[in-house]
Amino acid sequence: MAEFGYAQLPVPGGGDAPTTPGHLADLASAIDPHLVQFVADQAERDSLYSEAPAHTVVSALDGTFWKKTSSSANEWATLWEPLPAFRPIELASGIGQSSENAPAIRLQGKKASLQGAVLKTDGTNFFGDAIKLGEVPDDCIPEQLRRFAGTCSLAGDTTDTACRVEVTGKTNATPGDIIVYYQVTAGTPWIDISGEYWLDN
């Protein structure tokens, strides 16, 4: 039996015995791994294709495309996915929203994006070390501590419009905390926590 194309599809020749059903089954089996499989969502993908061979491609209703990267494990690479929506952040006691953009987080793959600004509900300024602002959802907790620069108000006696924002990691005592450090004596009335960090090392 001859094999054609990059996929080496089996096609019977004139000298092959007339076993049409078997030949069609062989051809269908050879084509199947090269087809895009369709599912409703990731849960259905894992249910139906966790044991599929590597290079299997699956598409979900929302347009997400995955490619299987292992023949022995349920491991996939995301080729494309729609941009997820922002989710609210649980703010710490005494911390409130300070802008039209509520504090929120978006997780896309291994990258988390924070947005929004916060203030102290008692009207005082932020000043000092390790002030807890809130917590990220469990699936947004990084493996290790992450740091980035946040922006601050220019009002009053503020002389430094940047601060240090941290998201504690799984190796810290309290994973998932959003913490700010602002050490200019006058303090600052609000802090924008917009920034990005990676979950993995």
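Visitor: Which residues line the largest pocket?

Guide: This is a predicted model, in which local features need pLDDT of at least 70 and side-chain atom pairs count only at pLDDT 80 or more, while totals for chains, interfaces and linings use all residues. Residues are numbered from 1 along each chain as its sequence is written, and side-chain values use heavy atoms, with hydrogens and water left out. On a 1 Å grid over the protein atoms alone, a pocket is an open set of points where a 1.4 Å probe fits, with protein on both sides within 12 Å along at least five of seven lines, and a lining residue has an atom within 4 Å of a point. The lining of the largest pocket consists of Gln42, Thr64, Trp66, Thr78, Glu81, Pro84, Arg87, Leu107, Gln108, Gly109, Lys110 and Asp139.

Visitor: How much space lies in the largest pocket?

Guide: A volume is the space filled by probe spheres set on the grid points, which are joined across faces, edges and corners. For the largest pocket, this space comes to about 350 Å³.

Visitor: How many charged residues are in the lining of the largest pocket?

Guide: Asp, Glu, Lys and Arg count as charged; Ala, Val, Leu, Ile, Met, Phe, Trp, Tyr, Cys and Pro count as nonpolar; the others, Gly among them, count as polar. The lining has three nonpolar and five polar residues, and its charged residues number four.

Visitor: Which residue has a side chain joined to that of Thr64 by a polar contact?

Guide: A polar contact is a pair of N or O atoms within 3.5 Å; within protein, one atom must be able to donate a hydrogen and the other to accept it, and residues adjacent in sequence count only if both atoms are side-chain atoms. Thr64 also touches Val58, Ser59, Thr78, Trp80, Glu81 and Pro82, leaving out residues up to four places away in sequence, where contact means heavy atoms within 4.5 Å. The polar contact, at 2.8 Å, joins Thr64 to Asp62.

Visitor: Which partner of Arg164 is in a salt bridge with it?

Guide: The closest N and O atoms of this pair are 3.0 Å apart.

Visitor: How many salt bridges does a search of the whole structure find?

Guide: One of them joins Glu135 and Lys132 at 2.8 Å, N to O. Both residues are partly exposed, Glu135 at 32% and Lys132 at 32%. Shared partners join Lys132, Glu135 and Asp177 into one network of salt bridges. For the whole structure, the number of salt bridges is eight.

Visitor: What is phi of His55?

Guide: His55 sits in the loop between helix H2 (42-49) and strand E4 (57-59). With a relative accessible area of 54%, His55 is exposed. His55 is a residue other than glycine with a positive phi, near 85 degrees.

Visitor: Which strand holds Ala130?

Guide: Ala130 is another residue other than glycine with a positive phi, near 50 degrees. At 44% relative accessibility, Ala130 is partly exposed. The strand, residues 128-135, is E13.

Visitor: What is the distance in space between Pro137 and Ile105?

Guide: Pro137 is found in the loop between E13 and strand E14 (146-152), and is partly exposed at 21%. Beyond its neighbours within four places in sequence, Pro137 is in contact with Arg87 and Ile105. Pro137 and Ile105 are 32 residues apart in sequence, and their C-alpha to C-alpha distance is 8.5 Å.

Conventions: A salt bridge is a side-chain nitrogen of Lys or Arg within 4 Å of a carboxyl oxygen of Asp or Glu. Buried means under 20% relative accessible area, exposed over 50%, partly exposed in between (1.4 Å probe, protein chains only). Helices (H or I, at least four residues) and strands (E, at least two) are DSSP runs, numbered from the N terminus.
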